[in-house]
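User: Hello! Could you walk me through this protein model, one question at a time?

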Amino acid sequence: MAESRRDALAEQLFGSAIGALEILHVYIGRKLGLYVVLSGSGPVTAEVFADLAGIDARYAREWLEQQAACGVLDVAEETGDPATRSFLMPPGVAEVVCEPDSLALVSPLAPMIVGISQAMPAVLEAFRSGAGVPYQDYGPDIREGIADINRPGFVTSLASEWIPALPDIADRLRQQGARVADLGCGEGVSTIAIARGFPAATVDGLDLDAASVDAATTAAAQAGLTGRVTFACRDAADPALARRYDLVTLFETLHDMAHPVAALAAAKQLLAPGGAVLIGDERVAETFTAPADELDRFNYGWSAVHCLAAAMTEPDSAATGTVIREGTVRDYATQAGFSRCTVLPIEHDFWRFYRLDP
């Protein structure tokens with residue numbers, strides 16, 4: 001049995017190494033716009049592709065061959081000559097690698113993983129010291145990756161499905177004068193999606209990361225929403241914001257917060273009478289199990305190297321980690337003074353949704 005487990009683990013880690021190396025090539029494809037070129041080019045040889053993409057021909061050939069070897073691309077014509085062999089992006093692949101609003105898009109995981117990799121020396125030191133790793137240390141790759149991986153859900157479902165799961169709140173947001181606060185808004189994709197879905201509402205995005213707020217402000221201007229959508233590096237506990245909002249949202253951010261109970265208490269103070277809080281966070285198992293299913297493995301994979309580490313930068317951190325279970329959210333909500341925490345009937349592969357009522 002020991003030999004069997006040894007061999008299975010060795011095979012698992014070898015497969016993980018293959019996957020990690022393939023992720024690096026996906027990163028190259030995203031950052032250099034190679035997938036976008038292929039999605040509109042038809043069959044190409046390495047030399048033609050290099051000209052179209054503006055990259056070196058030898059690197060182009062190696063990347064194309066690697067992408068075909070791992071099944072992302074097809075060989076359109078095998079001539080036996082690397083110079084004339086041609087490659088093609090099969091139908092459906094663009095949705096996975098380069099269509100920004102596709103629900104099948106997973107390629108943003110590549111920059112997220114690269115961002116974490118760049119911060120690993122700081123993560124190692126945090127393990128030794130018990131301190132944390134500031135969010136900014138992970139660089140723009142992880143910030144942009146998070147925005148891109150969550151974009152399809154926000155664009156396709158936030159205003160049409162998630163908020164309508166709170167029908168009384170959705171009705172309020174259709175009335176002139178309605179206000180929404182989007183806490184931990186990041187680069188503002190969720191904030192902008194709410195504003196587009198509810199044209200009568202004013203939406204304020206709040207985040208403590210200045211680079212994210214700058215990117216969100218630019219995005220709102222490009223969307224023509226300046227004036228109805230605003231972003232600020234501002235603490236939600238600011239008394240000037242109290243009792244102003246019909247809805248407060250927190251999407252995949254509660255588990256990242258060093259003081260989640262205080263954050264929820266602040267969200268409660270933001271609510272106007274009859275308002276509610278909507279949380280979307282990880283849909284992990286209700287209890288710890290080992291070995292775990294793929295979803296728990298996925299979330300544990302991020303936790304110690306990013307989410308937990310970022311939260312540990314502040315004193316007396318709750319140190320929740322990515323694996324935030326339903327019971328934990330309920331406990332935080334009760335401590336923050338909410339009278340009711342309801343799990344909403346929203347189908348989602350990765351998130352569980354909660355409604356909190358004062």
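Analyst: Let us begin with a term: domain bounds here come from an automatic or database domain assignment. This is a predicted model, in which local features need pLDDT of at least 70 and side-chain atom pairs count only at pLDDT 80 or more, while totals for chains, interfaces and linings use all residues. Residues are numbered from 1 along each chain as its sequence is written, and side-chain values use heavy atoms, with hydrogens and water left out.

User: How far apart do the C-alpha centres of domain 1 and domain 2 lie?

Analyst: The chain is divided into domain 1 (1-98) and domain 2 (108-357). Between the C-alpha centres of these domains the distance is 33 Å.

User: Which residues of domain 1 lose the most area to domain 2?

Analyst: Buried area is the accessible area (1.4 Å probe) that two parts lose on being put together, summed over both. For domain 1 and domain 2 the value is about 650 Å², with 60% given by carbon and sulfur atoms. On the side of domain 1, 72% of what is buried there comes from three residues together: Ile23, Tyr27 and Arg30.

User: How many salt bridges are there between domain 1 and domain 2?

Analyst: A salt bridge is a side-chain nitrogen of Lys or Arg within 4 Å of a carboxyl oxygen of Asp or Glu. Between domain 1 and domain 2, the count of salt bridges is 3.

User: How many residues of helix 10 are buried?

Analyst: Helices (H or I, at least four residues) and strands (E, at least two) are DSSP runs, numbered from the N terminus. Buried means under 20% relative accessible area, exposed over 50%, and partly exposed in between (1.4 Å probe, protein chains only). Helix 10 covers residues 189-197, and its buried residues include Val189, Ile192 and Ile194. The count of buried residues in this helix is 7 of 9.

User: Is Ser303 buried or exposed?

Analyst: Ser303 sits in helix 13. Contact means heavy atoms within 4.5 Å, and beyond its neighbours within four places in sequence, Ser303 is in contact with Leu308, Ala309, Gly321 and Thr322. Its relative accessibility is 8%, so Ser303 counts as buried.

User: What is the C-alpha to C-alpha distance between Ser303 and Gly321?

Analyst: Along the sequence, Ser303 and Gly321 are 18 residues apart. In space, their C-alpha atoms are separated by 5.2 Å.

User: Is Arg243 buried or exposed?

Analyst: Arg243 is found in the loop between strand 6 (229-232) and strand 7 (245-251). Its phi is near 60°, a positive value in a residue other than glycine. Most residues other than glycine have a negative phi. With a relative accessible area of 58%, Arg243 is exposed.

User: What is the phi of Ala319?

Analyst: Ala319 lies in the loop between helix 13 and helix 14 (326-335). At 28% relative accessibility, this alanine is partly exposed. Although Ala319 is not a glycine, its phi is positive, at about 50°.

User: Is the peptide bond from Ala290 to Pro291 cis or trans?

Analyst: Pro291 is in the loop between strand 8 (271-282) and helix 13 (294-311). Most peptide bonds are trans. From Ala290 to Pro291, however, omega is near -5°, and the bond is cis.
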